[in-house]
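Biologist: Could you walk me through this one? I'd like to know what stands behind the labels.

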Amino acid sequence: MRMSAGIYDTVQKACINHSPVGCAIQNRNALYVVLEHDGDAEGACVCFYYPKTKNIWGANCRGGYYRSHCCITSGERNEFVLVGWEGDVFAQHGLKEDGKPNLIEESHIEIQNNCPITRVRGIAGKAYISAHWRTVFRREGVDEWTCLYGNDPKQIEQWQEDGVELGFNDIGGFSENDIYACGGEGDLFHFDGKVWKNLDCPTNADLKSLCCAPNGKVYIGCSHGMLIEGRDEKWKVLDVRAPDVNISDMAWYRDQLYLACGGDGLYVFDQKDIQPAPGLRSLGSMVTEQSQFSDDEKHALIEAGADQGIVEFMDRLSLDGDDDFMLAPASIHTLSTDGEILLVAGTDEVVAFDGQEWKVLFAPHGTDRGGEL
């Protein structure tokens, strides 16, 4: 039985003038979408999809979570953690009586003001954050964060005076004693639980994202679509390329590496080549010869603010009868998976993939699609 449209409409109304900036999945019965107010820093709205609860959807909006990042800690607690650009924390503390997540504001992370947080990842049951100027923190528990590296104001000031660009943009790990962090121009480090070591990176490109994959390899997504593979002291630039954009995020799903490539869409690396994700097409591939716009639809799109030239261009597109796909989110930037479901967040919606079929999970801008898996 399908969910009542009114339930989905209610949470959409709570997110008017917001756009997705992140997503996270515990399992198919506990998913999160993080949205940010368009055009300013009013704060974030955390929407959660708990289909086994009475209302199915819920939302909790807070100020102060500008440029937020989120993760699931996995492990025994397996909780949702949201961290704002400057160290504001909003985390799940178990469940309420109605079965929905109990989201609580926590104490601010004691991070330097000029050290913006770039990512939060779940590693070995705890949340880790990466930040500029080679800074890493680990969440030990409620209101408790330990600085593992960086956050030295004198060192940061010196680097700023020298005009250098240093990491970190991302962090990942196989265990608490086997962690990698990357950023800047070839800035790559490893942490063995005691000592941080600067590794010899095979490129000076900007290192944007990192994935410690179940196949035992570490993948680093770079600027201009470059992909690096390695571990420990052995690294190489792979002889494949994603589109000429930054690879903003990566996730290992069903024995393949998925790459978020901004406005160019979602791509997959299958250990041989990088190709567009099957079944998901980028904006501009929405219309086939069998489903071109009517005159009324064109008029409605233009009245709603769409550029007439783009509408006419989309109307002329033909995919040779191949209509087994759905429209991808615009400018894909964040991925999350529990191994069963892959979530993909873009600037206008969040979609979910179960290995066979793509579905819209959440779209805050008035579309009637989505709302359930």
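Modeller: Let's start with strand 22 (residues 256–260) and strand 23 (residues 266–269), which run antiparallel and are joined by four bridges. Keep in mind that this is a predicted model, where local features need pLDDT of at least 70, side-chain atom pairs count only at pLDDT 80 or more, and totals for chains, interfaces and linings use all residues. Residues are numbered from 1 along each chain as its sequence is written, and side-chain values use heavy atoms, leaving out hydrogens and water.

Biologist: Why are strand 22 and strand 23 called a pair?

Modeller: Two strands pair if DSSP finds at least two bridges between them. Strand 22 and strand 23 have four, so they pair. Leu259 stands opposite Tyr267 in strand 23.

Biologist: Which order do the four strands of the open sheet take?

Modeller: The order is 21-22-23-24, with antiparallel pairing. Strand 21 (249–253) and strand 24 (274–276) are the edge strands, as each pairs on one side only.

Biologist: Now to a loop. Why is Ile111 called buried?

Modeller: Buried means under 20% relative accessible area (exposed is over 50%, partly exposed in between, with a 1.4 Å probe and protein chains only). Ile111 has 6%, so Ile111 counts as buried. Ile111 sits in the loop between strand 8 (101–106) and strand 9 (117–123).

Biologist: What does Ile111 touch?

Modeller: Contact means heavy atoms within 4.5 Å. Not counting residues up to four places away in sequence, Ile111 touches several residues, including Glu86, Ile129, Phe137 and Asn151.

Key
Helices (H or I, at least four residues) and strands (E, at least two) are DSSP runs, numbered from the N terminus.
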